[in-house]
Amino acid sequence: GFDAALMRFLSWIASMSCSDWATHSFLSEWTTANPQGDPINGWAVLALPDRPLEHQELADPIFKATGNRRSPMRPVFAPTSPKRALVAAFEDFAAQRRLDYEQRDELED
């Protein structure tokens, strides 16, 4: 589900600019607050369930209910969550790593 997609996304970002060790170090050292306000690291964030705040009916006419069938509902997630914060922080981290590599390559030339 969402966790597998998130891990694939983080791995894809890491493959462009970070080693496995850098990714592990980032996830181990980065912290945020869980829903109870306790600090947790990136690995713990990946283990958090992502529960929707609500479900909204799909507005597209193709999804309208017919007969005794209910129309499909779409989950609505919080605009900010520990997982979204993790992705944003990791994107910044990976961008800085790419910049560091580019500057190192320029110095070697």
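Visitor: Which residues do the ring pairs link into a cluster?
Guide: The ring pairs join Phe-26, Trp-30, Phe-90 and Phe-93 into a cluster. Keep in mind that this is a predicted model.

Visitor: And how many aromatic pairs does the count come to?
Guide: The count comes to four aromatic pairs. One of them is Phe-26 with Phe-93, a stacked pair with 4.8 Å from centre to centre and 25 degrees between the planes.

Visitor: What does that pair tie together?
Guide: Phe-26 sits in helix H2 and Phe-93 in helix H4, so the pair ties together parts that are 67 residues apart in sequence.

Visitor: Is Phe-26 buried or exposed?
Guide: Phe-26 counts as buried, at 11% relative accessibility.

Visitor: What about Phe-90 and Phe-93, how are their rings placed?
Guide: Their ring centres are 5.7 Å apart and the planes stand at 45 degrees, so this pair is tilted. Tilted is the word here because the angle falls between the 30 degrees for stacked and the 60 for edge-to-face.

Visitor: Where do those two lie?
Guide: Both Phe-90 and Phe-93 are in helix H4, three residues apart, and that is about one turn of the helix. Phe-90 is buried, with a relative accessible area of 0%.

Visitor: How far is Phe-90 from Trp-30, C-alpha to C-alpha?
Guide: Their C-alpha atoms are separated by 9.1 Å, while along the chain the two are 60 residues apart.

Visitor: H4 keeps coming up. How many residues has it got, and how far does it reach?
Guide: H4 covers residues 82-108, so to speak the whole run of 27 residues, and reaches 39 Å from its first C-alpha to its last. That is close to the 39 Å expected at 1.5 Å a residue.

Visitor: Which residues of H4 are buried?
Guide: The buried ones are Pro-82, Lys-83, Leu-86, Val-87, Ala-89, Phe-90 and Ala-94.

Visitor: Let's zoom out. What helices and strands does the protein have?
Guide: There are four helices and four strands. Starting at the N terminus, the elements go α-α-β-β-α-β-β-α.

Visitor: How much of the protein counts as buried?
Guide: Of its 109 residues, 26% count as buried. The protein exposes about 7,800 Å², with carbon and sulfur atoms supplying 55% of that area.

Visitor: And the largest nonpolar core, which residues have the most contacts inside it?
Guide: That core has 13 residues, and the ones with the most contacts inside it are Leu-10, Phe-26, Leu-27, Trp-30, Leu-46 and Leu-86. Helix H1 (2-17), helix H2 (20-29), helix H3 (42-47) and H4 each supply at least two residues of the core. H4 gives the largest share, four residues.

Visitor: Pick Leu-27 for me. What is it in contact with?
Guide: Setting aside neighbours within four places in sequence, Leu-27 is in contact with Leu-10, Asn-41, Gly-42, Trp-43, Leu-46 and Leu-86.

Visitor: What share of the contacts comes from residues 24 or more positions apart?
Guide: Among contacts with a separation of 6 or more, such residues account for 54%.

Visitor: New topic: Thr-32. Where is that one found?
Guide: Thr-32 is in strand E1 (residues 31-33). At 21% relative accessibility, Thr-32 counts as partly exposed. Not counting residues up to four places away in sequence, Thr-32 touches Asp-38, Pro-39, Ile-40, Val-45 and Pro-82.

Visitor: Last one: where is confidence lowest and where is it highest?
Guide: Confidence is lowest in H1, with a mean pLDDT of 69, and highest in strand E2 (residues 39-41), at 90. Across the protein the average pLDDT is 76, and 82% of the residues score at least 70.

Technical notes:
Residues are numbered from 1 along each chain as its sequence is written. This is a predicted model: local features need pLDDT of at least 70, side-chain atom pairs count only at pLDDT 80 or more; totals for chains, interfaces and linings use all residues. Side-chain values use heavy atoms; hydrogens and water are left out. The expected span of a helix is 1.5 Å times one less than its number of residues. Buried means under 20% relative accessible area, exposed over 50%, partly exposed in between (1.4 Å probe, protein chains only). Contact means heavy atoms within 4.5 Å. Accessible areas come from the Shrake-Rupley method with a 1.4 Å probe; for residues, only the protein chains shown count as cover. A nonpolar core is a set of buried Ala, Val, Leu, Ile, Met, Phe, Trp, Tyr and Cys residues joined through side-chain atoms within 4.5 Å. Rings of Phe, Tyr and Trp (its six-membered ring) pair if their centres lie within 6.5 Å; planes under 30 degrees apart count as stacked, over 60 as edge-to-face and the rest as tilted. pLDDT is the predictor's confidence in each residue, from 0 to 100.
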